[in-house]
Amino acid sequence: MVSVMWFRRDLRLSDNIALAKAMANSDQLVALFHLNPEQLSEQKTPNQSAFLESLRYFKKELSAYDIPLQVIYGDWELAFEELGQALPEWDQVYFNYDDALFGRQRDQKAAAFFRKHQIIMHTSQDHYLHGASEVLTQSGDSYKVFTPYYNNWKSLPKPTPVPTPTHTVNWLCLDMAIDLETFCQTRIAPLPDYQPGSQKALDLLKRFVDEGLSAYKDQRDYPALEATSKLSPYLRHGNISIRQVYHAISKAPDSTGKATFIKELAWRDFYHMIAVNHPNQKNTAIQSVFTNIEWDNNKAHFECWKSGQTGFPIVDAAMRQLAQTGWMHNRLRMIVASFLTKDLLIDWRWGERYFQEALIDYDAASNIGGWQWAASTGTDAAPYFRIFNPTTQGKTYDPEGKFISCFVPELAHLPLKYRFQPELLPESLAQDLSFTLGKDYPKPIVDHAERRKTALARYEFAKENHANHQS
């Protein structure tokens with residue numbers, strides 16, 4: 001009898017529920033990872049590069065314990081048919097399931113395949129503190145708004161990390177496995193600021209608990225500060241479990257920072273629950289009233305936004321941070337999403353797809369949820385009339401202009417007040433500073449005040465139009 005432990009976005013040995021079950025109940029076991037062409041890009045995107053780097057590192061981690069990770073590639077069904085032929089005695093499979101978006105579709109196909117081939121499935125909910133059906137209203141329905149969800153969520157007991165069994169397992173090798181190093185050579189772009197692996201994740205967690213947690217509430221919105229955990233890529237790739245994170249945070253002394261961070265973990269569970277209940281949310285507005293907003297979708301403006309050349313310094317600094325590092329501070333994600341959808345009136349789906357390519361911590365449920373929040377089209381979304389003023393946001397959350405100076409260095413020598421609005425720099429001072437707007441830094445590509453009025457009118461028209469069609 002042969003069992004397979006199918007790794008996906010749970011690239012770790014410690015506190016891995018499916019792995020613990022597989023090791024405790026198997027004598028012969030294959031450690032498997034399947035590379036699906038549907039999830040791979042011809043481009044060396046930061047998202048893909050980070051995940052493949054994490055996979056390479058995990059393979060090395062396993063090898064230190066004499067566990068060979070068998071990586072297979074190709075169409076899912078054909079690859080698993082070939083796996084069955086290579087393992088004629090295979091009769092058990094263990095994995096941590098996905099129940100939202102692409103992962104749900106894949107796992108439904110997998111369930112049908114395993115039933116057809118009489119392979120017993122052992123599945124576990126490993127990715128969230130509470131699964132999509134665990135936090136329900138008194139009537140048994142899913143929540144649509146975060147606050148009542150959170151009030152229920154925080155009252156429920158939280159799972160604790162599971163120990164890795166000490167049971168001796170005979171780990172098997174496959175002739176069909178590919179050479180991962182060769183595979184990755186043409187598919188990974190360098191990510192100088194990213195270090196993969198479980199140990200790095202645990203080190204970051206310890207540093208954050210010791211040095212950043214208590215001040216988290218007060219400092220988290222300021223991108224010039226190292227005030228966030230930076231754990232998001234490691235949770236995304238499964239180098240660390242959500243239980244390990246919660247357990248470490250919960251043991252820390254009580255503080256407003258601790259309470260705020262735990263609330264962020266609840267948001268993660270909430271957005272996953274929303275994704276499960278709205279399987280089409282990547283392409284469809286959850287609030288039908290805003291399905292038919294008239295977007296401008298100006299491609300030139302979109303390219304300016306992507307490249308950090310909009311003439312709004314905090315937006316440009318954020319987008320350049322993303323391009324250079326594959327990561328963006330959460331406050332900045334809200335600012336640039338509001339700017340794209342409300343100032344430029346570009347469809348939120350354009351921004352969401354770009355983030356999918358560019359973020360090393362891209363999580364579909366949280367990313368889509370955040371974009372629909374910013375565009376006022378999602379559940380529990382920002383009201384459509386709440387439109388961030390990018391200049392005010394810059395002054396508020398980068399008051400000393402340090403973040404702007406770091407990522408938009410052409411503005412670093414300007415007096416502070418002009419770093420937020422270089423278009424207001426007096427001509428005589430501009431000459432003294434050898435600074436030419438439109439040459440050294442772009443003029444604002446839109447007028448925020450005018451675009452705010454236009455956005456409000458577009459949303460109100462969509463709302464009225466929807467009401468007329470309903471009556």
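This chat covers a helix pair and one serine in a predicted model.

User: What should I know about the model and numbering first?
Analyst: The model is predicted: local features need pLDDT of at least 70, side-chain atom pairs count only at pLDDT 80 or more, and totals for chains, interfaces and linings use all residues. Residues are numbered from 1 along each chain as its sequence is written, and side-chain values use heavy atoms, without hydrogens and water.

User: OK. At what angle do α15 and α16 cross?
Analyst: Roughly 150 degrees, for α15 (residues 348–358) and α16 (residues 364–374), with the axes coming within 10 Å. That makes α15 roughly antiparallel to α16, a label for angles over 145 degrees. Axes are lines fitted to C-alpha atoms over the stretch in contact, and angles run from 0 to 180 degrees between N-to-C directions.

User: Which residues of α15 and α16 meet?
Analyst: From α15, Trp348, Gly351, Glu352, Phe355 and Gln356. They meet Asn367, Ile368, Trp371 and Gln372 of α16. Contact means heavy atoms within 4.5 Å. By class, the contact has 4 nonpolar, 4 polar and 1 charged residues; Gly counts as polar here.

User: Switching to Ser49. Buried or exposed?
Analyst: Ser49 counts as buried because its relative accessibility is 0%; the cut-off is under 20%, with a 1.4 Å probe and protein chains only. Ser49 sits in helix α2 (residues 46–63).

User: What does Ser49 touch?
Analyst: Lys44, Arg187, Ile188, Ala189 and Leu191, leaving out residues up to four places away in sequence. Ile188 is 139 residues from Ser49 in sequence, yet their C-alpha atoms are 4.4 Å apart.

User: And how far is the Ala189 backbone nitrogen from the Ser49 side chain?
Analyst: That nitrogen of Ala189 lies 2.8 Å from a polar atom of the Ser49 side chain.

Notes:
Helices (H or I, at least four residues) and strands (E, at least two) are DSSP runs, numbered from the N terminus. Angles under 35 degrees count as roughly parallel, over 145 as roughly antiparallel, 65 to 115 as roughly perpendicular and the rest as oblique. Buried means under 20% relative accessible area, exposed over 50%, partly exposed in between (1.4 Å probe, protein chains only). A polar contact is a pair of N or O atoms within 3.5 Å; within protein, one must be able to donate a hydrogen and the other to accept it, and residues adjacent in sequence count only if both atoms are side-chain atoms.
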